[in-house]
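Visitor: Hi, could you walk me through this one? I'd like to start with charged pairs.
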Amino acid sequence: MNQSGKRDSWASRAGFVLACIGSAVGMGNIWLFPSRVSAYGGATFLIPYLIFVALIGSTGVIGEMAFGRATRSGPIHAFGQATKRRFGSERPGRALGFIPVLGSLAMAIGYSVVVGWIFNYLAASFTGGLNGLADVGAFAARFDATAAGNAPWQIAGMLITLTIMALGVGGGIEKANKLMMPLFFVLFLGLAVYLAFLPGSAAGYRYIFILDPKGLADPMVWVYALGQAFFSLSIAGNGTLIYGSYLSADSDIPADARLVAVFDTLAALVAALVIIPAMALAGQELTQSGPGLMFIFLPNVLRGIPGGGIILMVFFTAVTFAALTSLINLFEAPVATLQELFHLSRPVAVALIGAVGVGVGLAISPIVSQWMDVCSIYICPLGALLAAVMFFWVWGRDDALAQVNQARKKPLGRWFYPLAKYLFCGVTLLVLVLGAVMGGIG
């Protein structure tokens, strides 16, 4: 809602699609996907990954977008409307709706710590503070110092994020994503092209696209491909749902969901085409993932490549765009929830959520890794499962299909509803169970 009481909306289809791409393109594409490709055999990992992206993009992403548009609200009211239709009471749905909202807030708080690290490295890349570091040990020591003194950078990242959000859906979030997402792709593609012409990079490209059919028999390849696809597409019952709630009635949701899945996959592939060849140039294998890769091993490699100083600036600028667009999406569901529950203006809701985000974020900074593990292993898959059950099981088949096919010239085939209701919901439950048993798969 804006201050006049009218619900915000996207100004254009391109703005919505880019915002959804921005929500999906994040650290998982950059610091996890390349390492998964490296660890599980290049194209051997890509095959199951693309299969799961196609499944989730054509069911779960569509479902969350359509659920949001159908209810014109965030998870709490959306779940409440679903249970009222089926059981005559909003209460159970509204109670369950708090799970994805709180999960989104918790994830955003943890992510804000990471954004602080990225801002620190972005500034250091422009001032030359990374160029003088001699080896991996020096980068490790710098990262430890960064984590210990992260507060001002974390607050700076939050202030930029909250300012964009306070400007509204169309005036802030959409405009920011229209700028940052194209620049993200341009910068990463530029890096990929530059690295491709350097001697020694070919080994990295060959590895990415060589297929070992025997590797497809390894169940862990499929498990981690599933986790990577699931979390990369930002399915959690909150961000995609709330972005869908700002859609107009003439939006073709399946077409938009397809674009989001395609460009999120392209972002992951481009990241792999930068990071794996860069490691090959240095004669190293990609054996690290997560913050260690992003802030220690990879900067050490990039620094030593011809033009390393410029490469570091371009790389951390692109990473900053990916981080900010994801953080905006994670905070949007809690902000919208405050507006819906208490009829607050957007700036007030943003300020309140921002105060909580800064306060809790600074407090949990020393344990951010464990904090994010709990969110990603338990809360995000549970939110996604609840949203899928509410829309595909509780909302009702005919009305769900009507929402999905609204504004389409040709309705989706008969395959869609059983695939979404049974296979996607089953896969989401599997992600939740495997994550809990294995300590995370995404």
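Guide: Happy to. A salt bridge here is a side-chain nitrogen of Lys or Arg within 4 Å of a carboxyl oxygen of Asp or Glu. This is a predicted model, so local features need pLDDT of at least 70 and side-chain atom pairs pLDDT 80 or more, while totals for chains, interfaces and linings use all residues. Residues are numbered from 1 along each chain as its sequence is written, and side-chain values use heavy atoms, without hydrogens or water.

Visitor: How many salt bridges turn up in the whole structure?
Guide: The search finds 6. In one of them, Asp 399 meets Arg 85 at 2.0 Å, N to O. Asp 399 sits in helix α18 and Arg 85 in helix α5, so the pair ties together parts 314 residues apart in sequence. Helices are DSSP runs (H or I, at least four residues), numbered from the N terminus.

Visitor: And Lys 178, what does it pair with?
Guide: Glu 174, with the closest N and O atoms 3.4 Å apart. Both lie in helix α9, 4 residues apart, about one turn.

Visitor: Is Glu 174 buried or exposed?
Guide: Buried, because its relative accessible area is 1%; the cut-offs are under 20% for buried, over 50% for exposed and partly exposed in between (1.4 Å probe, protein chains only). Lys 178 is partly exposed at 38%.

Visitor: New topic: which residues have the most contacts inside the largest nonpolar core?
Guide: Met 27, Ile 30, Phe 184 and Phe 315, in a core of 150 residues. Helix α15 gives the largest share, 18 residues. Such a core is a set of buried Ala, Val, Leu, Ile, Met, Phe, Trp, Tyr and Cys residues joined through side-chain atoms within 4.5 Å.

Definitions and conventions. Helices (H or I, at least four residues) and strands (E, at least two) are DSSP runs, numbered from the N terminus.
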